[in-house]
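Hi,

Here is the structure I said I would pass on.

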Number of protein chains: 2
Amino acid sequence: MGKFILRVNMSDLSIKKERVSEKYRVLGGRALTSTVVADEVNPTCHPLGPNNKLVFAPGIITGTNAPSSGRLSVGAKSPLTGGIKEANAGGLPAQKLARLGIHAIIVEGEPQEKGKFYVLSLAKDTAVLEEAGELTGKGMYETNELVWKKYGDGVGIIGIGPAGEMLMTNAGVSCNDPENGPGRYAGRGGLGAVMGSKGLKAIVIEQKGPGEVQIANPELFKQGQQKLTQGLLSHAVTAQALPTFGTAVLVNILNEAGGLPTRNFSSGRFAGAGKISGEVINEWAKTRGGKVGHPCHPGCVIRCSNVVNKPDGSYRVAPVEYESAWALGANCEIDDLDDVAELNRICNDVGLDTIEAGCTLGVAMEGGVIPFGDGKRAIGILKEVGYGTPVGRIIGNGTAFTAKAFGVTRVPVVKGQAMPAYEPRAVKGIGVTYATSTMGADHTAGYTVATEILSVGGKADPLATAEKGALAKAFQTSTIFIDATGYCLFIAFAVLDLPDALQGMMDTVNGVLGTNYTLEDMGRLGSEWLKLERSFNEAAGFTKQDDRLPEFMYYEKLPPHNNVYDVSDELLDSVHNG
Amino acid sequence: MGKFILRVNMSDLSIKKERVSEKYRVLGGRALTSTVVADEVNPTCHPLGPNNKLVFAPGIITGTNAPSSGRLSVGAKSPLTGGIKEANAGGLPAQKLARLGIHAIIVEGEPQEKGKFYVLSLAKDTAVLEEAGELTGKGMYETNELVWKKYGDGVGIIGIGPAGEMLMTNAGVSCNDPENGPGRYAGRGGLGAVMGSKGLKAIVIEQKGPGEVQIANPELFKQGQQKLTQGLLSHAVTAQALPTFGTAVLVNILNEAGGLPTRNFSSGRFAGAGKISGEVINEWAKTRGGKVGHPCHPGCVIRCSNVVNKPDGSYRVAPVEYESAWALGANCEIDDLDDVAELNRICNDVGLDTIEAGCTLGVAMEGGVIPFGDGKRAIGILKEVGYGTPVGRIIGNGTAFTAKAFGVTRVPVVKGQAMPAYEPRAVKGIGVTYATSTMGADHTAGYTVATEILSVGGKADPLATAEKGALAKAFQTSTIFIDATGYCLFIAFAVLDLPDALQGMMDTVNGVLGTNYTLEDMGRLGSEWLKLERSFNEAAGFTKQDDRLPEFMYYEKLPPHNNVYDVSDELLDSVHNG
């Protein structure tokens, strides 16, 4: 029957198959989830109440054999920011959904019985809601094991851990990877709590083979697919740095630049950076086993993921990303990579976003709850989240919440969401993205770091403020387009530098959709979709005052450059109104 | 030297005496604190950071012998609502400040050493900052005892308990009453946390006698004072109901009207209402000792306060107000007045607003933390606030915070502040005030209940929506004027019904200031000051979406009337823009 939308109503446990309108047909990923949320969700509703909706959508080209294209987009009104939210993840589920012909899943309502959980089980031509039973209350590792045992090896699993079940606003949505670990998270913004509020413990997807993906112009698609693959396999970042060291290759780079937030954003340089870097992960893969160059889904040619083992060579966690190594490491002054990896594993199990969790531990440490640098006690307190103890409830609700609980005023959040691993006072452009993104502080919303630190897509002095509005706008616009395609954002390293790779990406999109989008259309569509997200946020009550960095960054000087954040409010306001 | 402003800088521990400008000379109370906050505080600052300011001001006529005129206004940016905040209280301090010639105290900066506390000691011609020493960490009962011991009987004490020291956003500012109890609270909006962030444990005021209050036109003042006194002593509410039963006379009245919020705002009627009513307080005063008809400051002719003793006749707490009896009683389904009184005492000691505390316990009960109706366990958990345990940190940060911690979506707050003791679905006009007040949900910002339930100042059907915008606007406008004068808001019962009493109030104001304000000026000034407060809130990022009741009230029907809240957004938006 071609593509369809599944509408799952948790109030009456009904499931409807709906035709895809022409408006929605040409959308995918973030463009689709955000459009559905904007069309169907009252912006002032309680994000954990019956009137929010949770939307899942594979990208436009997801399910095809285009390289690195297996992203799943998850959207809703965020209980963390109060605004529109999209987070996306790799792993197995997106490709399987696309190959079942599922254009999107819209979950609405709330279960009659609070605290009761269900599993949505999907296979060719079937979609069933089953009681979650023994899965309820389980961590994601055990959940994945039980699901594979019951539904068979290799099924795709979208799920939430105890944090999501308990409606904690730092709960993420887990996707399993080919090793069945729960490490691929649509982590940000508390979407796991929205899933919890719907009473949905997991979505299980049984699907094998190439499935029913339709390609309007196979010739053009194939041509694009080859160009893009070639680009990804030739660019230094996507072909060498990422498969060799993973994203944590950035630890030493950002530390050198004085932009690695340390000790709850009170310094830009961490003495222990070298010990938690991608270089160590690479070395451990050789000495302990584990892996680097691990793909998070079949068909990824970048393969930036990794598996980090314990000292005895047994499996600990996959992956340890740069953001996680930083958040749970440098930001907490923890320089023991084993402790960092264990914290990462707990996040994966309980169902937490690692960025938010690391920033939360940072403010808890500043509030005197546990000492900075104490990895063992950090592990202890993070485990409490899964138990739902009072301190666990605090930590599980994120950085701003924990800061308020313990009277901490150095709070590294924008729109309530914790900052990622780039200090705005040392990398000014990323601060513009943090401030003006529809998502709250989010490096993946417009990664100016590529240009400011990695000299990809041009060069820009990270400490300069001039032109950073235009830079952030350009990155935000192209990012939302990539987020719509279902490609991994990391293809941007290649497409920014290699015109052929960029054209290849557009060819695959046009090939699938039968459209004739040009590069100008990419900018136009990106702007339109951002505008749609911003309109939702405005209707939810956001103003330009929400497009600001936290006050302390404007008056506290950050070592080693000893800068404050000096991008003007006028520049910030011009980004989306220029 | 006449009146002056004290500027206390906690960063360098300096105190400056400043001349009162002509602009400020004619302001007092809320009009003055809000104007100073609007003039000096950046609306986007962190409310607990160095850039917020805490302002204390007696009213225009405070310190004179006008009846019931001893209110102290406290203002700042609120850590609970994020907007401008004024809360006022009776008790001894305001009159003493006024009689020392202090027009206002502005506290700014923050102490170099976090967690270090000071006492501001004031007497004729002296103002000194002293280290708080042994007072640090003490509850307000012990704090008051120690201060009276050190500084002498009868000094005025403004102070914070452990909740304020720990920067909890439900911390209030205590004023002592003539019995030296800490029961008179400028409770709302977390101003105690602002005081805590300034490192100020207490302000001690040594002052005796009539002091230096200046009256420009003594003749006019005296005439007004007599008219108003006569009115207060003749109106049924101020002369009979309040001195006999205290404010808790309202328990049975609101229960009868179906507007007594019960079990976390899930019903408007409480089976146990009769057991926690003003009638029982009155009876206990006879059988156990204690008091009714107790004035909270010298010169009050209404004397609505009370002292509620333990079963053995020993002192427990003063006062138990309607709001407290409801919040800690009906809203938690607790029908044992001894438990309610003990909860009230804990609030007074730890330094919490009783309304916010009761609503917080209500959502904690709904979240399954403790059972509804269990007074003993409520006492246990409320004590944790003072100890700063994790669950205490949650409860101490108020209703919205606690709801988030425990995943509760029935959250009775506006602008982050908990609702008082009148159900908007049963008393529609007060809902308009809750929604549109600059203060968050606050019955004292525009008490339409007077007309809707008590038939004072006219009559209005509480269940009707028509005209409720105009009613709320009129009440909000006259209220801010009364809050500027330093009169207790309860004079409104008399001045709304008795033209002579109203004229008497205006005569006393004109008498003190040497102005010629008419009744029209009252409306004009009230509107101007409200506009000033709204401008601050807008600059802090508030929009019309903040002028709404919580979503659940729009779709959950409230027994016994089985109504939802059906005042339109258009009506709400018209209140301050009509």
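Below is what I found, going from the pair of chains down to single residues.

One thing to keep in mind throughout: this is a predicted model.

**The two chains**

Chain A can be superposed on chain B by a rotation of 180° with 0.0 Å of shift along the axis, and the RMSD comes out at 0.0 Å. The two copies are thus related as by a two-fold rotation axis. If you want to find that axis on screen, go to A:Pro390: of the residues of chain A, its C-alpha comes closest, at 2.8 Å.

As for the contact between the chains, 26 residues of chain A and 26 residues of chain B take part. On the chain A side, helix H15 (390–396) and helix H16 (399–405) each supply at least two residues, and H15(A) gives the most, with four. By type, the chain A side splits into 11 nonpolar, 10 polar and five charged residues. Also, 100% of the interface residues of chain A are interface residues in chain B too, so the copies meet through the same surface.

**Domains within chain A**

Chain A is divided into domain 1 (4–205) and domain 2 (235–497 + 543–574). Their centres, taken over C-alpha atoms, are 24 Å apart. Where they meet, 57 residues of domain 1 of chain A are in contact with 45 residues of domain 2 of chain A. Several elements give two or more residues to the domain 1 side, among them helix H2 (29–40), helix H3 (93–99) and helix H4 (140–151) of chain A. The largest share of that side, four residues, comes from strand S5(A). The domain 1 side divides into 21 nonpolar, 28 polar and eight charged residues.

**A buried strand residue**

Where in chain A does A:Ile105 sit? A:Ile105 is part of strand S6 (residues 102–108). A:Ile105 counts as buried because 24 C-beta neighbours lie inside 10 Å. Leaving aside residues up to four places away in sequence, A:Ile105 touches A:Leu6, A:Val8 and A:Phe56.

**The core**

In soluble globular proteins, nonpolar side chains tend to be buried together. The largest nonpolar core here has 377 residues, and the members touching the most others are A:Val251, A:Ile491, B:Ala104, B:Val251 and B:Ile491. To take one of them, the residues that B:Val251 touches include B:Leu260, B:Ala273, B:Ile276, B:Tyr322 and B:Trp326, again not counting residues up to four places away in sequence.

**Helix H10 of chain A**

Which residues of helix H10 (residues 278–287) of chain A are buried? They are A:Gly278, A:Ile281, A:Trp284 and A:Ala285. Seen down the axis of H10(A), these buried residues fall within an arc of 115°, so they line one face of the helix. The general rule behind such patterns is that an α-helix has 3.6 residues a turn, so residues three or four places apart point the same way.

The face of H10(A) turned away from the buried side carries A:Lys286 and A:Thr287, both exposed. On the buried side, the cover includes helix H8 (236–245), helix H9 (250–256), strand S13 (291–294) and strand S14 (305–309) of chain A. Finally, look just after H10(A), where A:Gly289 takes a positive phi of about 80°.

Cheers

Terms used:
Residues numbered from 1 in each chain as written. Chains lettered and ligands numbered in written order. Predicted model: local features only at pLDDT ≥ 70, side-chain atom pairs only at ≥ 80, totals over all residues. Least-squares fit on C-alpha atoms with pLDDT ≥ 70 in both. Contact = placed C-beta atoms within 7 Å. Buried ≥ 20, exposed ≤ 12 C-beta atoms within 10 Å, placed from the backbone. Core = buried A, V, L, I, M, F, W, Y, C linked by C-beta atoms within 7 Å. Arc of directions from axis to C-beta. Domains from an automatic or database assignment. Nonpolar A, V, L, I, M, F, W, Y, C, P; charged D, E, K, R; others polar.
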